[in-house]
There are 2 protein chains.
Amino acid sequence: MRQWDSVAIIGVGLIGASIGLALKKRGLAQRIIGIGRNAPRLQEACDQGAVTEIFTDMDRGVADAQLIVVCTPVGHIASHVRQAAAASAPTALLTDAGSTKSQICRELAATPELVARFVGSHPMAGSEKSGARHGRADLFVDRVTVVTPSQDDSPDLTSQIEDFWRSLGSRVLRMTPAAHDAAVAAVSHAPHVIASVLAAATPDEHLALAGSGWGDTTRVAAGDAELWRQIVLQNRQPILRTLDEFTAMLAQFRAALDAEDGQQIAHLLEVGKRRRDAFAREAREKRSS
Amino acid sequence: MRQWDSVAIIGVGLIGASIGLALKKRGLAQRIIGIGRNAPRLQEACDQGAVTEIFTDMDRGVADAQLIVVCTPVGHIASHVRQAAAASAPTALLTDAGSTKSQICRELAATPELVARFVGSHPMAGSEKSGARHGRADLFVDRVTVVTPSQDDSPDLTSQIEDFWRSLGSRVLRMTPAAHDAAVAAVSHAPHVIASVLAAATPDEHLALAGSGWGDTTRVAAGDAELWRQIVLQNRQPILRTLDEFTAMLAQFRAALDAEDGQQIAHLLEVGKRRRDAFAREAREKRSS
């Protein structure tokens, strides 16, 4: 596993701080440089040991870095990658931790000097909690990180970025940006929208009766609204497609219920249960393997 | 708190077994009679200490009971209450544990001899797990049980049934059957349908990327499909209304996303977050009080 003299982390929230904590705990980097606009927040990340030094000036922060990981909200990633690339050594590698990939990778593929230096990543280890104080050194352990090379990216660069995530304990899947975005629209972004709308649509006066069922179904709706605004805008088309498939199936259920068609209702409930049970089974197998 | 010589529990699944375990642990009943069709399953409930004796013949099982709690699936509750009432002493009280109330209470209110003996209940302590083996003596502690007297029910009868649930550790809310059904449609039944349809609509090939977010949002979809078929059919109108409100708000979100209206997207995400945060705050306060 590669040891780095210096890794720069741009954006020290939940993911950025967890990367720093994992690098330090595993002894993988001498210097871990935290970069952000908010000095008190950077200081907090430093105090908890997630980074060894901090900069509010990105250009100075990345100057000596061998690896730069951009962990800012998805709407800012492409411009931060471009700025960091321009200010760092031409040999410095770059990746990101954004929940969307097509738009970011497409924008950056248009910058020829980045082709040999940037590969997109998405560590699937988020939480409805945000902020460095929720960071954990083991956040990536046994979680999937998707790495999304564009057609022109060098296989060697891709391997180095994949090895980086593996060195933090993550499992790595390689996918195209488009395949990644379709998959996360289905299992993360559209479910987030649905959970959020369900929470928003529940009348206050009924909330007193809400229990753990409602609480679990809507848990992700507690996520940061601004982060999610950027995510859904960046992955608009795949999310719209998933919402349309969901809405069509919900309309089927509604029609069956309206018609008191017990057989069709049972069928739809059983399909949902089978899919959910398959997920639980796989999760158990992953844990025990 | 009233001590009972004999309590009969019809249907010894998760809820029925938990009632038996709670009665025994708290020393509230001499005899706890488990009644069901499936002898091996009854024996299992007896072996784990949830009941002290078992009957597959309901008429014999309820003969000496002072209190009869019907914990069968909602589609069977009204007929089981009627049968149990006819086979038991005229002084025996009856309640149920069904997730829907209007249809059951309406059916039973039409039986004059039940007016002085039956009041409907809904202990809101379910789980996606079913079966006596998941029963727990503390299942009802600090959870809400809704008791739903019909207009003609005597206040004394209602108080006795409320005291019974309190004696198991539950908090009690009194509501009309219609108000109960509207509230649980909003916080439980419609969310169940939405979670189930979301699980069913997620393509198998994307499931590998599903994480704890998808897992939580769809958790309740693992519930027993036949139980839920009966529940949604019994609470059809309130669920249809809730689904229509949800669908209208989801269509708003979809339109905002289609139009790349970031302001409206942010607004809807924030409303969802506020509602979810309020729920989490109330849950914390309940735990600490």
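How many residues of chain A are in contact with chain B? The count is 71 residues of chain A, and they meet 71 residues of chain B. The model is predicted.

## Fold of chain A

Chain A has 11 helices and eight strands. Its radius of gyration is 21 Å, close to the 19 Å that the globule rule gives for 289 residues, so chain A is as compact as a globular protein of that length. The C-alpha trace spans about 70 × 40 × 35 Å along its principal axes.

Buried residues make up 51% of the 289 residues in chain A. Take the contacts in chain A with a separation of 6 or more: residues 24 or more positions apart account for 72% of them.

## Two domains

Chain A is divided into domain 1 (4-175) and domain 2 (180-258). Their centres, taken over C-alpha atoms, are separated by 28 Å. The contact between them takes 14 residues from domain 1 and 13 residues from domain 2.

On the domain 1 side, helix 4 (74-87), helix 5 (102-109) and strand 7 (144-148) of chain A each supply at least two residues. The residues on that side divide into four nonpolar, eight polar and two charged.

## The interface between the chains

Return to the contact between chain A and chain B, with 71 residues from each. Five helices of chain A each supply at least two residues to it: helix 7 (177-201), helix 8 (212-217), helix 9 (225-234), helix 10 (236-258) and helix 11 (262-288). By type, the residues on the chain A side divide into 44 nonpolar, 13 polar and 14 charged.

The copies meet through the same surface, because 100% of the interface residues of chain A are also interface residues in chain B.

## Symmetry

A rotation of 180° superposes chain A on chain B, with 0.0 Å of shift along the axis and an RMSD of 0.0 Å. That is the relation of a two-fold axis. Which residue of chain A comes closest to the rotation axis? A:Thr217 does, with its C-alpha at 2.0 Å.

Leaving out residues up to four places away in sequence, B:Pro191 touches A:Leu198, A:Gly213, A:Trp214 and A:Thr217. B:Pro191 sits in helix 7 of chain B. It is buried, with 28 other C-beta atoms within 10 Å; the cut-off for buried is 20 or more. B:Pro191 and B:Ala221 are 30 residues apart in sequence, and their C-alpha atoms are 9.5 Å apart in space.

## The nonpolar core

The largest nonpolar core has 184 residues. Those with the most contacts inside it are A:Ile9, A:Ile68, B:Ile9 and B:Ile68.

What does A:Ile9 contact, leaving aside its neighbours within four places in sequence? Its partners include A:Gly16, A:Ile19 and A:Gly20. Also among them are A:Ile32, A:Ile33, A:Gly34 and A:Ile35. A:Val51, A:Val69 and A:Cys71 are in contact with A:Ile9 too.

## Helix 5 and B:Pro177

In helix 5 (residues 102-109) of chain B, B:Ser102, B:Ile104, B:Cys105 and B:Leu108 are buried. What covers them includes helix 4 (74-87), strand 5 (93-96), strand 6 (120-123), strand 7 (144-148) and helix 7 of chain B.

B:Pro177 lies in helix 7 (residues 177-201) of chain B. Is B:Pro177 buried or exposed? It is buried, with 21 other C-beta atoms within 10 Å. Not counting residues up to four places away in sequence, B:Pro177 touches B:Lys101, B:Ser102, B:Cys105, B:Gly120, B:Thr148 and B:Ser150. B:Thr148 is 29 residues from B:Pro177 along the chain, yet their C-alpha atoms are separated by 5.2 Å.

## Positive phi angles

Most residues other than glycine have a negative phi. Two residues here have a positive one.

Phi of A:Asp142 is near 65°. A:Asp142 is found in the loop between strand 6 (120-123) and strand 7 of chain A. It is exposed, with 12 other C-beta atoms within 10 Å; the cut-off for exposed is 12 or fewer.

Phi of B:Glu260 is near 50°. B:Glu260 lies in the loop between helix 10 (236-258) and helix 11 (262-288) of chain B. This residue is exposed, with 11 other C-beta atoms within 10 Å.

Conventions: Residues are numbered from 1 along each chain as its sequence is written. Chains are lettered from A and ligands numbered from 1 in the order in which they are written. This is a predicted model: local features need pLDDT of at least 70, side-chain atom pairs count only at pLDDT 80 or more; totals for chains, interfaces and linings use all residues. Helices (H or I, at least four residues) and strands (E, at least two) are DSSP runs, numbered from the N terminus. The radius of gyration is taken over C-alpha atoms; the globule rule is 2.2 Å times the number of residues to the power 0.38. Two residues are in contact if their C-beta atoms, placed from the backbone, lie within 7 Å. Ala, Val, Leu, Ile, Met, Phe, Trp, Tyr, Cys and Pro count as nonpolar, Asp, Glu, Lys and Arg as charged, and the others, Gly among them, as polar. Domain bounds come from an automatic or database domain assignment. Copies are superposed by least squares on the C-alpha atoms of residues with pLDDT of at least 70 in both. A nonpolar core is a set of buried Ala, Val, Leu, Ile, Met, Phe, Trp, Tyr and Cys residues joined through C-beta atoms within 7 Å.
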